[in-house]
Number of protein chains: 2
Amino acid sequence: MQLGTPQSFSRVLSSMCTEPHPAAREAAERFLATNPGDPGTYETVADLERTVVERLGEIVGLSDPAGYLASGGTEANIQALRLARNRADSTEPNVVVPASAHFSFTKAADVLGLELRVAPLDGYTVSLPAVRELVDEDTVAVVGVAGSTEYGRVDPIPALADAVADASGDPLFHVDAAWGGFVLPFTEHAWSFADAAVDTLTIDPHKMGQAVVPAGGLIARDESLLADLAVDTPYLESTSQITLTGTRSGAGVASAAAALDALWPAGYREQYERSQANAEWLAAELRARGDRVVSPTLPLVAADIGRDAIDAVRAEGWRLSRTEQGEARFVLQPHVTRETLTAFLDELDRVR
Amino acid sequence: MQLGTPQSFSRVLSSMCTEPHPAAREAAERFLATNPGDPGTYETVADLERTVVERLGEIVGLSDPAGYLASGGTEANIQALRLARNRADSTEPNVVVPASAHFSFTKAADVLGLELRVAPLDGYTVSLPAVRELVDEDTVAVVGVAGSTEYGRVDPIPALADAVADASGDPLFHVDAAWGGFVLPFTEHAWSFADAAVDTLTIDPHKMGQAVVPAGGLIARDESLLADLAVDTPYLESTSQITLTGTRSGAGVASAAAALDALWPAGYREQYERSQANAEWLAAELRARGDRVVSPTLPLVAADIGRDAIDAVRAEGWRLSRTEQGEARFVLQPHVTRETLTAFLDELDRVR
């Protein structure tokens with residue numbers, strides 16, 4: 001069969017993945033035939049994973065982080081809710097998530113048998129009174145979003161942590177920074193373990209971290225939180241496994257290590273500044289054309305350019321998706337340059 | 001940080017992964033920056049995934065297969081039980097698995113809130129009377145193993161299918177051929193959709209299929225079985241997602257496509273014959289040394305070489321794991337050549 005050619009990134013505007021950093025790509029290629037899920041056999045990559053978790057700890061404000069590299073943010077989010085459910089003893093467990101939470105929480109609730117309680121938003125971030133009202137003694141976890149998928153907005157993480165602390169049922173507090181985690185350190189937002197009593201956090205090297213897919217990250221405040229995930233592993237050289245998947249990608253782990261080495265912190269800071277400047281430039285350009293724009297507080301622009309225009313630019317090969325409200329979503333990943341945006345705006349002007 | 005060097009495969013005897021085929025490696029490298037989890041954006045790799053599923057259908061005896069490429073056998077097994085649970089309406093669902101089932105079923109039962117009913121073995125395969133006794137109206141799935149992790153044995157799949165057909169509660173029948181799926185087509189075993197009323201089946205290209213990690217496979221008899229897994233996907237260009245993970249590895253998909261292209265069927269047959277011959281040769285060599293050997297019906301040898309000997313060869317860098325009974329496990333993956341085995345036996349003779 002013909003494998004064909006992978007898509008170019010030159011017209012990809014809505015993906016949360018990107019072209020990997022050259023060092024990340026090189027490391028992935030070298031470690032393609034490794035499996036950190038079998039650490040007794042694949043020791044080098046298992047050691048590397050521990051180092052990556054340490055480094056991610058620096059980014060998220062934890063000096064002694066626990067965690068592992070997951071297949072992506074979905075696995076990390078499922079696992080955070082799974083450990084929260086397993087340590088609680090509710091027979092009717094629920095989880096409270098913002099309406100802005102990624103659809104992986106819907107998936108997680110189905111998989112884990114959790115009641116999903118969706119807190120409405122106040123503007124683009126979660127309503128605190130709504131969260132306080134939804135939390136009860138059967139709540140095993142409360143979720144905050146640090147960089148929402150649709151609008152790149154950050155929930156009030158410290159205030160959410162306070163709501164969790166006041167809860168009757170001892171829920172865990174999980175922060176989803178899958179996309180935001182590699183840009184938030186360079187902003188004034190309060191979002192991490194350093195800013196609030198966070199228990200678990202998702203941060204994906206394969207999004208703004210410029211690693212290759214699959215490299216998600218689940219970070220926990222303390223190793224003991226992960227204990228409720230452990231399953232015995234007969235016939236491996238190791239004895240138990242906390243991950244959701246079994247065999248895992250060493251390429252993802254090695255590429256995350258290489259990307260962190262090359263980019264943390266200066267390279268990521270530069271990338272954030274470049275992407276944020278592009279976001280603000282794009283927002284201004286669209287506003288100048290009369291489009292309603294949701295201001296980009298992180299490098300993600302949503303703009304009401306019209307359904308017909310979205311369909312028309314898609315027909316020209318631009319990969320552009322919509323929010324639930326119908327706005328176009330522009331995710332300012334590293335591959336989205338000023339030149340790309342200029343070409344897009346030219347196309348937009350042509351089609352409408 | 002120093003990334004170090006990935007382990008060599010020259011002394012890896014117990015892994016179910018292997019060195020990828022050169023064509024699979026090349027394809028993975030080309031498709032590193034793709035995500036079949038976002039098929040609207042990454043169209044080439046999404047098309048490729050459909051082709052791979054078609055090809056896997058040929059191997060497992062289905063002319064119109066449904067399914068997808070998972071992160072591995074664990075995800076595929078979890079998903080098979082998840083869809084079985086979701087389509088049933090039991091409030092106390094259970095799953096019946098052989099005692100020889102992979103630990104991913106223990107994990108799946110925890111994740112999904114299923115009671116795990118473990119059927120004892122009769123020799124090295126599941127006891128049919130035990131399965132019939134454990135199945136009740138709350139049984140949502142029965143699992144058969146086609147190539148067990150410890151001994152490479154194949155459960156009586158057609159007879160298990162009959163037991164499922166006789167059940168009161170309409171359970172699904174899932175076959176775990178994660179490791180065995182790429183060797184069983186060249187044997188006389190009855191194991192696939194062609195041999196029995198199987199509903200879902202796990203077959204992993206990244207094991208004997210010689211693709212890169214991560215490339216597992218979940219194949220279903222009919223598309224409708226997967227409907228109960230669907231979660232809406234706002235802000236993607238596509239509308240719903242049946243996978244457990246979200247972002248997925250295009251490298252795994254492309255490498256599976258390339259491996260299937262290069263090896264199915266002649267190359268896989270040759271590999272099976274080579275591996276099976278090596279298994280039988282190793283079994284004979286160990287028996288000649290007085291060791292008790294479990295006869296390899298597939299390319300997997302378990303032998304009671306003694307705990308001290310296992311520890312001693314491990315200390316020399318051999319990656320060798322044990323069964324729960326304490327036997328050494330030799331998985332005759334493509335990278336395990338006659339030369340490797342000769343070197344191992346020399347080492348074994350030296351240490352004891």
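The contact between the chains takes 74 residues from chain B and 73 residues from chain A, two residues being in contact if their C-beta atoms, placed from the backbone, lie within 7 Å. This is a predicted model, in which local features need pLDDT of at least 70 and side-chain atom pairs count only at pLDDT 80 or more, while totals for chains, interfaces and linings use all residues. Residues are numbered from 1 along each chain as its sequence is written, and chains are lettered from A in the order in which they are written.

**Side of chain B that touches chain A**

- Elements of chain B that each supply at least two residues to this side include helix 2 (43-60), helix 3 (73-87) and helix 8 (250-263), as well as strand 10 (231-232) and strand 14 (321-322).
- Helices (H or I, at least four residues) and strands (E, at least two) are DSSP runs, numbered from the N terminus.
- By class, this side has 28 nonpolar, 27 polar and 19 charged residues; Ala, Val, Leu, Ile, Met, Phe, Trp, Tyr, Cys and Pro count as nonpolar, Asp, Glu, Lys and Arg as charged, and the others, Gly among them, as polar.

**Chain A: overall form**

- Chain A comprises eleven helices and 15 strands.
- The radius of gyration of chain A is 20 Å, which agrees with the value near 20 Å for a compact globule of 352 residues; the radius is taken over C-alpha atoms, and the globule rule is 2.2 Å times the number of residues to the power 0.38.
- Along the principal axes, the C-alpha atoms of chain A fill a box of roughly 60 × 50 × 40 Å.
- Of the 352 residues in chain A, 59% are buried, that is, 20 or more other C-beta atoms lie within 10 Å of the residue's own, with C-beta atoms placed from the backbone.

**Chain A: domains**

- Chain A is assigned domain 1 (22-262) and domain 2 (266-351), with bounds from an automatic or database domain assignment.
- The contact between them takes eleven residues from domain 1 of chain A and 14 residues from domain 2 of chain A.

**Sheet in chain B**

- Four strands of chain B form an open sheet in the order 12-13-15-14, with antiparallel pairing; two strands pair if DSSP finds at least two bridges between them.
- Strand 12 (292-294) and strand 14 of chain B stand at the edges with a single partner strand each, so one side of each has no neighbour in the sheet.
- Three bridges join strand 12 of chain B to the antiparallel strand 13 (residues 300-304) of chain B, where Ala303(B) is the bridge partner of Val293(B).

Technical notes. A residue is buried if 20 or more other C-beta atoms lie within 10 Å of its own, exposed if 12 or fewer, and partly exposed in between; C-beta atoms are placed from the backbone.
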